[in-house]
Each structure stands twice: as C-alpha cells, then as structure tokens.
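Good morning, everyone, and thank you for making the time. Please have a look at the model on the screen while I talk you through a few of its features.

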Amino acid sequence: MTGAPAPQPSGDELLKVFAALGNPHRMRIVAALVDGGRNYVSRLARELGMGRPLLHMHLQRLEAAGLVTGELEVSQDGKAMKYFEVTPFCYGLTPQAVAQAARTITDEGKETVKETAR
C-alpha cells in the first residue's frame with residue numbers, strides 16, 4: 001500500500017452508491033453482512049424478516065454498486081447456495097468530491113437516477 005489517497009469515484013459510480021444506500025432495506029442488508037459476516041440468501045432473508053425475491057433484488061442493486069459481492073457455491077448435498085459479503089469501501093464525501101464527480105456524469109448515470117425515482 002502506497003498511502004496514496006483512493007481515486008475519486010466517477011459521477012456514475014457515486015450515483016450508483018447513493019442509489020443503493022438510499023434505501024433502508026439495503027442499509028439493513030449491509031449492516032447484517034457487516035455484523036454477521038458472509039451469509040447465504042435464505043439465511044439472510046430469515047434474519048432480516050424479508051422474502052427471498054425482495055432480498056435478491058436489493059442484493060443485486062448493492063452488487064451493481066460494488067458494495068457487496070456474491071458467490072455461488074454448491075453445498076455437500078448438491079444444493080446451489082449464493083453467499084454474499086460486504087466489499088470493503090470508503091468514500092470521502094466533500095463538496096469538492098461531489099463537484100468533481102458531477103462533472104463526469106454520463107447518460108448512464110442519468111438513467112440510474114431515473115430508475116431510483118421509480
């Protein structure tokens with residue numbers, strides 16, 4: 001590690017992170033994965049009191065934003081299980097960082113905002 005500051009995210013990347021964390025369910029999912037560590041979808045759904053389809057949709061958004069990663073594994077009895085864990089992240093949020101990121105927003109980033117508004 002060089003001690004150099006982490007590169008600033010692009011506007012599109014920052015919008016995906018904000019959109020992903022702008023939902024209380026997704027914040028609870030991140031918290032559960034931080035507190036309990038790596039977990040598979042069915043157990044995580046039970047712990048959060050959430051249906052698996054809804055949890056899966058939220059996990060997809062978190063994964064698209066780079067905040068969690070998922071890995072499919074086969075259990076000893078041959079059952080496929082998808083495990084998720086938090087990806088280490090740290091964003092320095094300053095007015096200057098927001099201004100710099102705003103200058104890089106593309107049409108893809110604008111679509112992220114539209115999807116979140118729905």
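I will begin with confidence, then turn to the sheet, and end with the charged side chains.

This is a predicted model, in which local features need a pLDDT of at least 70 and side-chain atom pairs count only at pLDDT 80 or more, while totals for chains, interfaces and linings use all residues. Residues are numbered from 1 along each chain as its sequence is written, and side-chain values use heavy atoms, with hydrogens and water left out.

The protein averages a pLDDT of 88, and 86% of the residues score at least 70; pLDDT is the predictor's confidence in each residue, from 0 to 100. Among the elements (helices are DSSP runs of H or I with at least four residues, strands runs of E with at least two, numbered from the N terminus), helix 2, residues 24-36, has the highest mean pLDDT, at 97, whereas helix 6, residues 107-117, has the lowest, at 61. Where pLDDT is low, the predicted coordinates should not be read in detail.

Turning to the sheet, we have an open, antiparallel arrangement of three strands in the order 1-3-2, where two strands pair if DSSP finds at least two bridges between them. Strand 1 and strand 2 are the edge strands, each pairing on one side only. Strand 1, residues 39-40, is joined to strand 3 by two bridges, and Y40 has Y83 in strand 3 as its bridge partner. Strand 2 and strand 3 pair over seven bridges, including V68 with V86 and L72 with K82. These two strands form a hairpin with five residues between them, and G78 in the turn has a positive phi of about 85°.

Which side chains meet in a salt bridge? They are those of E73 and R38, at 2.1 Å, N to O, the criterion being a side-chain nitrogen of Lys or Arg within 4 Å of a carboxyl oxygen of Asp or Glu. E73 lies in strand 2 and R38 in the loop between helix 2 and strand 1, 35 residues apart.
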